[in-house]
Amino acid sequence: AEVSAALAELRNVARGLYPRELADEGLAAGLETFAESSPIPISVTAPIAQRYAQPIEAAAYFAVAHCIGRSASFGRSVGSGRSAGDRASVQVTCDDGRLSIQIEANQLHGRLVDLEDRVGALAGTVRADLIDDARTRIHLELPCGS
């Protein structure tokens, strides 16, 4: 049982490093897989057939994982479980050569420096807007080369 638990944990770590679905099927599949394993419900809207350059897909995926992971972690550390408000949404579009990702989740507590560095390295931008006392909207733009 301990070996099985350790193997499951190792698979989760490996998936977090670079998910197979992201590499094989693209951003939409990677985000759907992330949503399925998330501790909070996530609604994902992304063009399924669209593929982007590997660095762009990786930056977008890890930005979503970073934002939602921090939101979910904060919710678990404050309360004794998931509240009815714990949910997130991700919308991905590509227009005029820019990949736009909008992430809505519980308020992020902390800085977005790592996210800004990752996205900025690819000539992208990050903007955070407070929706209300409990929710934040993060808007990312990356060049998608379309």
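Visitor: How much accessible surface does the protein chain have, and what share belongs to carbon and sulfur atoms?
Guide: The accessible surface comes to about 8,200 Å², and carbon and sulfur atoms hold 51% of that. Areas like this come from the Shrake-Rupley method with a 1.4 Å probe, and for residues only the protein chains shown count as cover. Bear in mind that this is a predicted model: local features need pLDDT of at least 70, side-chain atom pairs count only at pLDDT 80 or more, and totals for chains, interfaces and linings use all residues. Residues are numbered from 1 along each chain as its sequence is written, and side-chain values use heavy atoms, with hydrogens and water left out.

Visitor: Okay, and what percentage of the residues count as buried?
Guide: Of the 146 residues in the protein chain, 39% do. Buried means under 20% relative accessible area, exposed means over 50%, and partly exposed is in between (1.4 Å probe, protein chains only).

Visitor: How many helices and strands are there?
Guide: Five helices and five strands. Going from the N terminus, they run α-α-α-β-α-β-β-α-β-β. Helices (H or I, at least four residues) and strands (E, at least two) are DSSP runs, numbered from the N terminus.

Visitor: What order do the strands take in the sheet?
Guide: The sheet is open, its order is β1-β2-β3-β5-β4, and the pairing is mixed. Two strands pair if DSSP finds at least two bridges between them.

Visitor: Which strands stand at the edges?
Guide: β1 (42-45) and β4 (125-130) do; each has a single partner strand, so one side of each is left without a neighbour in the sheet. From one strand to the next, the twist averages 15°.

Visitor: Parallel or antiparallel for β1 and β2?
Guide: Parallel, over four bridges. As one example, S43 has S89 in β2 as its bridge partner.

Visitor: Where does α3 lie?
Guide: Helix α3 lies across β1, β2 and β3 (98-106), and runs at about 170° to β1. Helix α5 (residues 113-120) packs on the sheet too, touching β4 and β5, with its direction at about 20° to that of β5. For those angles, axes are lines fitted to C-alpha atoms, for helices over the stretch in contact, and angles run from 0 to 180 degrees between N-to-C directions. Contact means heavy atoms within 4.5 Å.

Visitor: New topic: how many aromatic pairs are there?
Guide: A search of the whole structure finds two. F34 and Y61 have ring centres 6.0 Å apart and planes at 80°, so that pair is edge-to-face. Rings of Phe, Tyr and Trp (its six-membered ring) pair if their centres lie within 6.5 Å; planes under 30 degrees apart count as stacked, over 60 as edge-to-face and the rest as tilted.

Visitor: Which helices do F34 and Y61 lie in?
Guide: F34 is in α3 (residues 27-37) and Y61 in α4 (residues 54-78), so the pair ties together parts that are 27 residues apart in sequence. F34 and Y61 are both buried.

Visitor: What about Y61 and F62?
Guide: Their ring centres are 5.1 Å apart with planes at 90°, so this pair is edge-to-face. F34, Y61 and F62 form one aromatic cluster.

Visitor: Last one: which cysteines does the disulfide join?
Guide: C94 and C144, with S to S at 1.9 Å; a disulfide here is a pair of cysteine sulfur atoms within 2.5 Å. C94 lies in β2 (residues 88-95) and C144 in the segment after β5 (135-143), so the pair ties together parts 50 residues apart in sequence.
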